[in-house]
Amino acid sequence: MTSHAHAADQAPLSAVAIEVLLTLAEGEQHGYAIKRHIETRLGDGYVQGSGSLYQALQRLERRGLIAEVPGAAGGDARRGRVYTLRPEGRRTLATELGRMRRVLAHARRQRIAIGPEGS
Amino acid sequence: MSSTRRLDVGRRIFALLLRGYPPAFRARYREDLIDAFDRDRDRPEFRGVIGGLRLWRHVVGDVAHTGWSERRDQRAASSSGAGFGPAAALAETRQIIRGLARRPGFALVAILTLGLGVGATTTVFAVIDRVLLTPLPYPDADRLVRVYELERANADAQMVAYGNYADLAAQTDAFEQLAIWAYNSHALTGDGPARQLRTRETSANFGQTMGVRPARGRWFNDDEARQGVPVIVIGHSLWQEAFGGLDTAVGRTLQLDAAPYEIVGVMPEGFDFPSRADAWIPLAPVVDPVGSRQRHRHNMVGRLRVGVTPAAAREQMDVVAARLEQAFPDLNKGNYFEPRLLLDDVVANRGASLVVLAGAVTALLLIACVNIASLSLAHAVSRTRDLALRAALGASTRRLAWLVTIEMTVLAAAGSVVGLVCSTLGVRAVLALGGTAIPRADEVAAVSGRVFLFAVGVSLLCALAVSLLPILRSRRLTTTETAGALRGGRSSSTRSVVQGRRVLVGAQLTLAFVLAVGAGLFLQSYSRLQAVETGVDATGVLTMNVQLPGGKYPESAQVARFMDDLVERLEAIPGIERAGVTLTPPVNANGWYNTLTIRDRPVPRADRPPISYVVAGAGYLETVRVPLIAGRLYGPGEPRGEMIAVINEAAAARHWPGEDPIGQQILGSADDEASWARVIGVVGNVRQDLTREAAPEVYVPVAQDRVLGFVVVARAASGDPMSLSRAVEEAIGQAEPDAPVTRAMSLDERIGLNVAQPRFTAALVSMLAGLAVLLAATGVFGVVSYTVAQRRREFGIRIAMGATRSRVAGQVLREGIAVAGAAILAGAVISRLVGGAVADMLFGVTPADPSVYLLVGLTILVVTAAAGLAPARRAMSADPLTVLRDD
């Protein structure tokens, strides 16, 4: 159960990580804005935990998929760190989305229900 | 509740929560996380109480989940294996258990000590849980209240008059139901020997008030109560006894006092309210307008409406009381009604001794913990090398602390098992010992989950407290100490350990002293109670209760004839010197009271003084040897003509100071010439309440008041009076086969029932104090042994230099005694401070009784010396050669 951390580079991205990449694909954002973006996108009263968000940010940063924008806090002291998507991140996101497309296609072929609330 | 303040508190809690993350993560993202938290709180969906709760749920879940996974990742990244994770803990635990198995002595002593402490604590908690914390076994029992009618002038009065009850029921709306009952007893006759039934005459809504339905059949209804229809609802045990639990019981007839009652219902098992009732019969309303307010013979129980507090009910009843006082100034002056929660009423003042026990047992538990702490401290020192080695190899201080905590938790788990076993036995023993001293002891109740959790919780708490010390120690391991320990020499820490253990033993002895003082006070109080002059000579007197079937004895004259005849039969039995009958046996605070009237001294009814009223047959006072002070006693067949009475000295002194009461007329009423009784004699006082001076009392012959339940007393010429019980029972059976006989016991035993509560408290606190002293002695033994072992080299050298062996031993002992002396001083101060709390429970002894303190102090000194003796002898035997060679 502890072994996958060694192979972090090959590990599939977590759901939060994908959401972060998706958000940053629209442009650089600070931490809390990312959180709100995710919540709005998922809707339905979903609450994105700050802890797991920053954990995901840290991991993505370590893998070189995103980067902190230095000195970007700007005039708003409360804003905190601002993140931007790196080219590797964009590639990884594309790969990941492709994988998801294949998963969806497979599910459709097998007539597994995918409604608006699909699961 | 300003919002900034709330903000602060919330944020502080959140900041604390952040400790769930590993330090590196925390250092990096702390500000961002707090910022996100603040922003979240400003969002509309997280405002208000519900929103706040929702937010916290998310926050806590997030921290728990992320914190754990983050730590896991860090560990996995940093090393392979050893960590705080469950797998590692398991491996450590196994290693620790192996380590403990290598030192079975330490483990065994620790587990047993902890088990004993936890067992005792759990036992007391289980009893408290059952008596004070478990609701009474009725639906919504927290809405049930007893209602007393009290008189401002007479603190003892609390019975209610029927007419006042009827007014309360009609003029208040605080109660869903308000029921009334009277205690009674009937002779149940039929097949087999007669049996005395504890019957309760109740209003028709009694069952409904209690919220309990008959298991079979029904309760009687209003019409049956109003018309006095002879129907009866029987209790579960009577049903089992009389009908073997057969369904056909309902509809059958019971003979009560030779009159038939139809059974309409059977109550479920466990319901015997009030006061171990066997059966319930309708109470006929008292309609006579004056009589219904004059005779206070009833008891009330009410079910409050939902949301109505006892205080609110009291307010409503105060209004009724004021109205009654105006309408019947003669009868109701100064009367008021007071509701008391039924649970408080059932437990009454007996809860206090349980609280004392809880205190005592907590002290015992502390002593046990200190013992274990002291042990593990010594043990930690012997393990310093091991710990130092691990520390040198890179284990963090926290890791070492973790090891010690696991070790203690393992011990605690074992200790709580032992404790639970001890407490299941303990609870049974305490209930058996307590008897009538513990209310609700007979209620069916399994050992609750609460008690189980309590035992486990206490064990863990102890483990935590106990592991604190080694943890503090391991934090202080310095490099030099480590180096020293690794080299194998004595580290400088040994001395500080001895100091630490001395302080711990001192604390133990202090607690033991306090407990022993408590035990001494309760024992002293109990023996003073027992030594109280009751006013009778109880030794050699046999007593038993007899109940006449009222149907056969409608007139008091017939009862009197029967009693005179019975006494004659009893005195004819060889070995019986004297016999008599009485309504109230000696030392019984629950006897009857009357109001005293004196002819030619008219006093408004409400101001008439109460007087203890004893209906007694001829020969009773002689049998229990109450001395005659003046005048004469009455004999069989009296009164002939004018009614008579005998009063006690207290009545004479109170009401006829400096006068001769003989010849005075009392207890009558102005409108009935024949009702006056002439005082013919004055006798010595009998204490009906051991803790109070004797109150005024009057004795009247059986013929003057119709009473059916009596206590027969018979004095044996010699030897054990109980040996006569069969002969007495047979004589009663011959005189009246339908009269049930119960409770055969010696008068000493009967009087002893009054001190059951103090005896229980004294016995239990003494037991706990004994254990405490024993544990403290073990502590002394341990620390002195340890010192001696550590200083063998020093002793060897001193003996080699010419010190005598007894000098060396004396020094060891002196050190122990010094600790005991300090502990006694501290204990005395603490005892003095907390003693006031038990002052109300003591009789004839003050909480500061010097003789108790002195005796306990001496005991502690002697025990300390005894415990130190064996190790001191070992010091004496230190052989200089061996010791020096060893080094």
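Predicted model: local features only at pLDDT ≥ 70, side-chain atom pairs only at ≥ 80, totals over all residues.
1. Make-up of chain A. Read from the N terminus, their order is α-β-α-α-β-β-α. Chain A has 119 residues, of which 36% count as buried. Among contacts in chain A with a separation of 6 or more, 45% are between residues 24 or more positions apart.

2. Helix 1 against helix 3 in chain A. Helix 1 (residues 15-25) of chain A packs on helix 3 (residues 50-62) of chain A at about 75 degrees, and the two axes are 9 Å apart. Since angles of 65 to 115 degrees count as roughly perpendicular, helix 1 of chain A and helix 3 of chain A are roughly perpendicular to each other. On the side of helix 1 of chain A, the contact involves A:Val16, A:Ala17, A:Val20 and A:Leu21. Helix 3 of chain A contributes A:Ser52, A:Leu53, A:Ala56, A:Leu57 and A:Leu60. By class, this contact of helix 1 of chain A with helix 3 of chain A comprises eight nonpolar residues, one polar residue and no charged residues.

3. Helix 1 against helix 2 in chain A. Helix 1 of chain A also packs on helix 2 (residues 31-42) of chain A, here at an angle of about 105 degrees and with the axes 10 Å apart. This angle makes helix 1 of chain A roughly perpendicular to helix 2 of chain A. The residues in contact are A:Glu19, A:Val20, A:Leu22, A:Thr23 and A:Leu24 from helix 1 of chain A, together with A:Ile34, A:His37, A:Ile38, A:Arg41 and A:Leu42 from helix 2 of chain A. The contact of helix 1 of chain A with helix 2 of chain A has six nonpolar, two polar and two charged residues.

4. An aromatic pair in chain B. Over all chains, the structure holds 20 aromatic pairs. One of them joins B:Tyr138 and B:Phe271, with 5.8 Å from centre to centre and 75 degrees between the planes, an edge-to-face arrangement. The pair links distant parts of the chain, its members being 133 residues apart. B:Tyr138 lies in the loop between helix 5 (104-133) and strand 1 (144-151) of chain B, whereas B:Phe271 lies in the loop between strand 8 (259-266) and strand 9 (279-282) of chain B. Both B:Tyr138 and B:Phe271 are buried.

5. The relative accessible area is 6% for B:Phe271 and 0% for B:Trp280, so both fall under the 20% limit for buried residues. B:Tyr138, B:Phe271 and B:Trp280 belong to one aromatic cluster, which also includes B:Trp181, B:Tyr183, B:Phe206, B:Trp219, B:Phe220 and B:Phe273.

6. Cysteines. The model has zero disulfides over all chains. As to accessibility, B:Cys369 counts as buried at 10%, while B:Cys422 is partly exposed at 30%.

7. B:Ser416. This residue is found in helix 16 (residues 397-434) of chain B. B:Ser416 is buried, its relative accessible area being 8%. Apart from neighbours within four places in sequence, B:Ser416 is in contact with B:Ala455, B:Val456 and B:Ser459.

Technical notes
Residues numbered from 1 in each chain as written. Chains lettered and ligands numbered in written order. Heavy atoms only, no water. Disulfide = S-S within 2.5 Å. Buried < 20%, exposed > 50% of the residue type's maximum accessible area, 1.4 Å probe, protein only. Axes fitted to C-alpha atoms, helices over the stretch in contact; angles between N-to-C directions. Helix = DSSP H or I, 4+ residues; strand = E, 2+ residues; numbered from the N terminus. Parallel < 35°, antiparallel > 145°, perpendicular 65-115°, else oblique. Contact = heavy atoms within 4.5 Å. Nonpolar A, V, L, I, M, F, W, Y, C, P; charged D, E, K, R; others polar. Phe/Tyr/Trp six-rings, centres within 6.5 Å; stacked < 30°, edge-to-face > 60°.
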